[in-house]
Amino acid sequence: MKGIRALAYVVSGVGVGLLAWVSLLVPPAIRPLVAVERRRLALLGRPVPPDARVTWRDVAHVGLLATVLLAANVVGTAVAVALPILLLVMSLTGEPGPLLVFPLVVVLAVGWGVVRVVASGAGWVADSLLRPGTLTRSRSSPRPAGCR
């Protein structure tokens, strides 16, 4: 997963998470939001799941987008975007000046790590819930011994 694509996925996840709140209040908006979320998986290099009718898994994913994934995306965006910009502005305008360059480099490195973890985790959750058949065992797979 490329860093810029992961950053785009996390930052856009904040907006999508806020729209998820709206779609939970207005249920007909769930279908277009899930369609957008399926296409966002392409940012992570994952194949886009096919569009289908809205199922419980889509609604569960929208609920996660509005809560847990929104919080993770906000933290990732804050650490990777807002904090480095704040440190850069402080180093250019404040008294310590060049002394803030080292913390800026550390924050950028940590921010990229946080973004990659958040993006891969959120992508895995989205892929697991939005791709048909990923959470269920195939009926054609062999059953363990002793099971009928």
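Me: Which residues does Tyr9 touch, not counting residues up to four places away in sequence?
Reply: The model is a predicted one, and contact here means heavy atoms within 4.5 Å. With residues up to four places away set aside, the partners of Tyr9 are Glu37, Arg40, Leu41, Leu43, Leu44, Ala119, Ala122, Gly123 and Ala126.

Me: Which charged end sits over the ring of Tyr9, and at what distance from its centre?
Reply: A charge counts as sitting over a ring if CZ of Arg is within 6 Å of the ring centre and within 35 degrees of the ring normal. Arg40, one of the residues touched by Tyr9, places its charged end over that ring. The residue is Arg40, and the distance from the ring centre is 4.0 Å.

Me: How many aromatic pairs does a search of the whole structure find?
Reply: A pair requires ring centres within 6.5 Å. A search covering the whole structure returns a count of zero.

Me: Which element gives the most residues to the largest nonpolar core?
Reply: The largest nonpolar core has 24 residues, and those with the most contacts inside it are Tyr9, Ala20, Val62, Val115 and Ala119. Two or more residues come from each of helix H1 (3–25), helix H2 (30–40), helix H3 (56–66), helix H4 (68–93) and helix H5 (101–130). With eight residues, the element that gives the most is H5.

Me: Is Ser23 buried or exposed?
Reply: Ser23 belongs to helix H1. Beyond its neighbours within four places in sequence, Ser23 contacts Ala29, Ile30, Leu33 and Val62. Its relative accessible area is 1%, and because the cut-off is under 20%, Ser23 is classed as buried.

Me: How are H2 and H3 oriented, roughly parallel or roughly perpendicular?
Reply: Ile30, Leu33, Val34, Glu37 and Arg38 in H2 meet Asp58, Val59, His61, Val62 and Leu65 in H3. The two axes come within 10 Å and cross at roughly 80°. Angles of 65 to 115 degrees fall in one class, and therefore H2 is, relative to H3, roughly perpendicular.

Me: What pattern does the chain follow along the sequence?
Reply: The chain has five helices and zero strands. Read along the sequence, the pattern is therefore α-α-α-α-α.

Me: Among contacts between residues at least 6 apart in sequence, what percentage join residues at least 24 apart?
Reply: The chain has 148 residues, of which 36% count as buried. For contacts in this chain between residues at least 6 apart in sequence, the share that joins residues at least 24 apart is 75%.

Note on methods
Residues are numbered from 1 along each chain as its sequence is written. This is a predicted model: local features need pLDDT of at least 70, side-chain atom pairs count only at pLDDT 80 or more; totals for chains, interfaces and linings use all residues. Side-chain values use heavy atoms; hydrogens and water are left out. A nonpolar core is a set of buried Ala, Val, Leu, Ile, Met, Phe, Trp, Tyr and Cys residues joined through side-chain atoms within 4.5 Å. Buried means under 20% relative accessible area, exposed over 50%, partly exposed in between (1.4 Å probe, protein chains only). Helices (H or I, at least four residues) and strands (E, at least two) are DSSP runs, numbered from the N terminus. Rings of Phe, Tyr and Trp (its six-membered ring) pair if their centres lie within 6.5 Å; planes under 30 degrees apart count as stacked, over 60 as edge-to-face and the rest as tilted. Axes are lines fitted to C-alpha atoms, for helices over the stretch in contact, and angles run from 0 to 180 degrees between N-to-C directions. Angles under 35 degrees count as roughly parallel, over 145 as roughly antiparallel, 65 to 115 as roughly perpendicular and the rest as oblique.
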